[in-house]
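The following exercises accompany the structure displayed below. Each consists of a task and a solution in steps.

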Amino acid sequence: MRAGLYIHFPFCAAKCPYCHFSSLPWDETSYRTWRQGLEREAAAPREAGYEFDTVYLGGGTPSLLGPDEVVWVRELVQAHFFLKIEEFTLEANPVASRTNFFGGWREAGVTRLSVGVQSFDEAVLRTLGRPYTAEEALRFCRTGRRAGFDALSIDLMIGIPGETPAAVERSLDTALGLEPDHVSVYILENVEGLPFEELLVRHPVDEDAVVDAYDRIRDALEAAGLRQYEISNFARLGKECRHNLKYWRYEPFIGLGPSAGSHLPGRRWCNKTCLDDWADALSRNETIREDVVELTPSLAAREALVFGLRLVEGVDLGAFTERFNVDIMALFGREINELVAEGLLVLSAGRLRIPSRNFLVSNRILAKFV
Ligand code: SF4
């Protein structure tokens, strides 16, 4: 069975004030702990019978790794997993010194460079506390574009305090000028307890402006040939992220590294989040799996529906019934009929989907199935 392999690199040069991901400041000792833990985790016994066709090196900031270290990661997983890699993504932050690595990363097998630009507007980057200038971000992506990766992806963020329509336009124009294969558009989340929370209280973001920015970006990307395929993701035909599609199509994947999630038929789990706890457990041959959930057919069907509705293609109800042996209309007929009557869902030719005009209220729609 085909599956995806995710490897979590938990380090960043510095913590961004809005970040709620599992990331730590980089230091040599912690890095050695991660390498040792990863060696042990990769070699540990696990469920067999999977052929891994996508590898995703995410973080954190995996672009802190030089080409030799990416080769090390690749050879490590090659030694312990049955790989037939069709897509190998590396997440990168646009830091000037890393442009020298592009050739080496390609030689290490990276096929897809996903750059967390967030914005090409100087003032917005300063508000976000990102450690590069708009000019550096542009140069990084331009060099990445020329380096010959199969796909260049750019992350943009909206909903940032002080971000004007002109700033959104500037970012969008610059991104389109780079002719990316893939663009992800995220809305800044206000997560309680983060340093950014106070700024968001002092400068609340106008929700209508966020809707306008999202619509404007979606229309411009579509006009430029980047088709929307998921709530936050746009790609040229054939350049969709195959690894991330596995999450939304509820297909199997295994995650390595602290806090990495895994999902195989019948079960999903998360690794211990704390780097030291994860590494200590591995050194003692103890389990690193937490939050293990046994997936009954009805729970699996429910989760697959929630993920599948994030996709523009939605879900094929016939295939769904065959796959989970669960009739989704028997399970959620009332909710689906109500949402269809409200125009929030569309049921047509056996497919259930959220029309793209409703993507920004998808949380409200998906909450009905949780
Ligand atoms: S670079 Fe990304 S993962 Fe690292 S702290 Fe910033 S937002 Fe979080």
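A residue counts as exposed when its relative accessible area is over 50%, as buried when that area is under 20%, and as partly exposed in between. The model shown is predicted.

**Exercise 1. Carry out the corresponding analysis for Asp-291.**

Step 1. Asp-291 has a relative accessible area of 57% and is therefore exposed.
Step 2. Asp-291 belongs to strand S14, which covers residues 289-294.
Step 3. Although Asp-291 is not a glycine, it has a positive phi of about 50 degrees.

**Exercise 2. Describe the protein chain as a whole, starting with its secondary structure.**

Step 1. The chain contains 14 helices and 17 strands.
Step 2. Its radius of gyration is 21 Å, close to the 21 Å given by the globule rule for 370 residues, so the chain is as compact as a globular protein of that length.
Step 3. The C-alpha trace spans about 55 × 50 × 40 Å along its principal axes.
Step 4. Of the 370 residues, 51% count as buried.

**Exercise 3. State which residues the cis peptide bond joins, and locate Gly-60.**

Step 1. The cis peptide bond joins Gly-59 and Gly-60, with omega at about 25 degrees.
Step 2. Gly-60 is found in the loop between strand S4 (51-59) and helix H2 (67-80).

**Exercise 4. Determine where Arg-334 and Glu-338 lie, and how exposed each of them is.**

Step 1. A salt bridge of 3.4 Å, N to O, links the side chains of Arg-334 and Glu-338.
Step 2. Both residues lie in helix H13, four residues apart, about one turn of the helix.
Step 3. Arg-334 counts as exposed at 57% relative accessibility, whereas Glu-338 counts as partly exposed at 36%.
Step 4. Elsewhere, salt bridges that share partners join Arg-2, Glu-51, Asp-53, Glu-86, Arg-242 and Lys-246 into one network.

**Exercise 5. Identify the residues of the negative surface patch and of the nonpolar surface patch.**

Step 1. The negative patch is formed by Asp-206, Glu-207, Asp-208 and Asp-212.
Step 2. Asp-206 is placed in the loop between helix H7 (196-202) and helix H8 (207-223), and at 46% relative accessibility it counts as partly exposed.
Step 3. Ile-187, Val-211 and Leu-360 make the nonpolar patch of about 190 Å².
Step 4. Ile-187 lies in strand S8 (residues 182-187) and counts as partly exposed at 35% relative accessibility.

Key
Residues are numbered from 1 along each chain as its sequence is written. This is a predicted model: local features need pLDDT of at least 70, side-chain atom pairs count only at pLDDT 80 or more; totals for chains, interfaces and linings use all residues. Side-chain values use heavy atoms; hydrogens and water are left out. Patches are made of residues with over 30% relative accessible area and no salt bridge: like charges are joined within 9 Å, nonpolar side chains (Val, Leu, Ile, Met, Phe, Trp, Tyr) within 5 Å. Accessible areas come from the Shrake-Rupley method with a 1.4 Å probe; for residues, only the protein chains shown count as cover. A salt bridge is a side-chain nitrogen of Lys or Arg within 4 Å of a carboxyl oxygen of Asp or Glu. Lys and Arg count as positive and Asp and Glu as negative; His and the chain ends are not counted. The place of a charge is taken as NZ of Lys, CZ of Arg, CG of Asp or CD of Glu. Helices (H or I, at least four residues) and strands (E, at least two) are DSSP runs, numbered from the N terminus. Buried means under 20% relative accessible area, exposed over 50%, partly exposed in between (1.4 Å probe, protein chains only). The radius of gyration is taken over C-alpha atoms; the globule rule is 2.2 Å times the number of residues to the power 0.38.
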